[in-house]
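Hi,

Here is the structure I promised to send over. Have a look at it first, and then read my notes below.

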Amino acid sequence: MKQSASWLQRVGVHGALLVIVAWSILPLLWTFQTSIKFTRDVAARVPVLWGYDTTAAAYRAYWFDNQNTNMWHVLLAVLLSVAVTSTIVLVGRRSKRSWVFNIAATAVVAVTLYVIGSVWDTSDQYEFLINSIVVTVATIAVSIGIGLLGGYGLARYSGKSGAAILIAALAFRALPRFAFILPFFIIAKSLGLLDSRAVIVLALVAVNQPFTIWMLRTFFLEVPKELEEAAMMDGATRLQAFIRVVIPTMKPGIIATSLFTLLLAYNEFLFIRVLAPTNWTLPVGIVALAGGESSKGITEAAAAAISITLPIVVVIILFQKHLVKGLGAGAVKG
Amino acid sequence: MNRKSFVSFVLPSVSVMTFLMVIPLATTIWLSLTDLILRDIDSAPFIGLQNYREVLSDPAFWSAARFTVLFVGITVPIQMLLGLAIALLLDRVHRFRSLYLAAILLPFIVTPVVGTLLFRNLFSRGGLLSWLIELFTGSAFVVDASNVRFLIILHAIWHVTPFAFVAIFAGLQTLPQERLEAAAMDGARTLRSFMHVTLPHLKSVLFFVAIVSIMDSYRVFDSVFVFAGNRFDNSHSLSVYNNVVALDAKIGRLGKGHAIAILTIIGIFVALTPFLIRSYKEQIAERT
């Protein structure tokens with residue numbers, strides 16, 4: 001029997017947690033309100049915390065070259081696209097062929113991105129957004145594709161070389177980026193492949209692979225062996241059993257591992273800065289914009305930070321359980 | 001699974017790691033013995049250990065090494081203690097649990113360079129915290145060479161504590177309630193049941209968090225680059241120092257940069273080899 005906590009204790013615990021929540025989200029809230037202020041209020045010596053006028057000018061400056069762009073129209077287009085996409089996904093959830101709906105939703109997002117880029121006069125940052133999306137999606141696809149095979153092999157094989165590969169992967173996980181990045185840079189430069197998205201994706205897949213196989217292996221260990229053994233008794237080969245029987249049970253593991261790969265690729269700064277002199281992604285773009293201390297562009301830098309963070313916030317809200325499960329899987333078994 | 005199918009399953013992964021990690025690493029070792037420069041990457045004259053001698057007598061290298069060790073030494077213990085405390089707090093709460101989780105996770109998954117800018121905005125001119133500091137101390141707060149290290153460390157605690165917290169929190173969820181109840185029946189007070197039941201259960205999680213945190217904070221780049229970048233040379237981490245030497249357009253000493261990378265790698269393995277050996281033994285033990 002658990003003793004029920006007293007009223008005072010409960011208030012204390014929630015109070016402490018609220019302090020931690022405030023500490024965690026304060027930087028984001030502060031920058032958000034900077035991003036919607038006019039420069040005169042931002043530059044004020046005593047912060048203007050209440051009753052200031054708001055503007056979308058900083059977001060316009062960040063995303064568009066044409067400073068007469070009507071931000072209401074942009075907002076409307078984005079909200080419309082979000083509404084259509086989420087309706088398709090939600091309807092698809094009830095269907096047996098939900099993948100058809102997911103592909104349709106992806107197509108809507110792609111069309112929206114294309115339409116925004118061609119209707120409005122977008123800035124370089126919009127190119128960087130497209131790069132971020134392409135690099136992230138490709139990195140997830142390649143990483144998970146080969147990681148599933150590797151993780152499965154490592155979960156089911158009991159020889160010593162399996163242990164050796166796992167420990168080597170753990171050791172690679174410890175290496176600083178500079179252990180690989182200079183040779184990558186030199187090879188890409190001499191082959192004329194700087195700025196190539198393919199090189200960036202390959203580099204990200206490589207640094208991410210140790211983590212991917214460890215995490216997927218942990219999830220494979222939870223899948224009972226009898227499952228594929230039964231299929232193989234019925235005449236399936238190991239590979240067929242793997243694809244038809246094991247993979248369908250791995251959905252939580254694939255989602256969790258994909259989420260961490262998404263964060264790695266979307267958040268990467270150093271690799272892209274070195275391997276892409278001009279073909280940047282969003283993190284490199286914002287550092288070029290806001291790296292200095294000048295307060296001139298401070299609202300635009302704030303709008304940039306909020307724009308880059310927004311997709312991440314959506315990810316936490318939608319996939320929080322998978323994120324926590326992924327961190328737990330690594331921690332408890334690893 | 002037999003050896004043959006094991007080999008074909010792991011082949012793609014292992015070849016990616018061989019071609020894109022092992023071979024670049026070997027190249028790094030070789031190029032660290034040459035005088036390769038950024039302006040002319042086609043010739044790489046062999047100069048033996050000259051780069052290493054130069055790095056080891058460079059005060060900037062030792063300054064970066066000291067700051068990196070200081071950074072790891074301060075942030076890792078604090079992040080683990082704070083993470084443990086938050087996990088224990090949240091474990092006692094059921095209402096609003098997922099809201100708390102989402103908010104506390106945010107600093108960990110926000111893009112590191114963006115998170116650094118968010119954090120820096122609080123301390124820049126007109127920022128909320130710089131204004132509050134001015135209210136209390138009476139003098140204007142300006143980020144300078146003497147306090148930038150403090151800001152880098154404070155930001156790191158903000159950024160990485162959620163990782164320790166979530167891992168430990170997940171570990172707590174697997175603690176069988178009966179064991180705590182048994183301890184309570186035996187009359188164990190909260191503190192004693194924590195020391196004898198909860199903490200031993202969390203041992204492997206804490207071990208995992210410690211290793212990963214040491215790896216990640218040892219190679220810290222993004223936040224130090226944004227905070228200290230070109231302005232505060234005394235607060236560079238090893239990775240930022242490496243970046244300046246190898247890729248700064250004015251310096252561009254790639255050969256020396258490779259030597260720094262190798263020395264950095266030696267540093268982390270001196271610290272981690274005991275852990276790696278221990279993990280290897282555990283892996284072997286699992287198999288028998």
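**Notes on the helices and chains**

In chain B, helix 7 makes a right-handed crossing with helix 10 (right-handed if the near helix is turned clockwise from the far one by less than a right angle, left-handed if anticlockwise; helices are DSSP runs of H or I, at least four residues, numbered from the N terminus). This is a predicted model, where local features need pLDDT of at least 70 and side-chain atom pairs count only at pLDDT 80 or more, while totals for chains, interfaces and linings use all residues. Residues are numbered from 1 along each chain as written, with chains lettered from A and ligands numbered from 1 in the order written.

Helix 7 (residues 148-173) and helix 10 (residues 203-218) of chain B pack at about 155 degrees, their axes 10 Å apart (axes are lines fitted to C-alpha atoms over the stretch in contact, and angles run from 0 to 180 degrees between N-to-C directions). The two helices of chain B are therefore roughly antiparallel, that is, at an angle over 145 degrees. Among the residues making the contact are B:Ala164 and B:Phe208 (contact: C-beta atoms, placed from the backbone, within 7 Å).

Between the chains, 91 residues of chain A are in contact with 80 of chain B. Helix 15 (residues 298-333) of chain A gives the most to chain A's side, with 16 residues.

One more thing to check: B:Phe96 has a positive phi of about 65 degrees although it is not a glycine. B:Phe96 sits in the loop between helix 3 (59-91) and helix 4 (97-109) of chain B.

Best wishes

How values were computed: Two residues are in contact if their C-beta atoms, placed from the backbone, lie within 7 Å. Angles under 35 degrees count as roughly parallel, over 145 as roughly antiparallel, 65 to 115 as roughly perpendicular and the rest as oblique.
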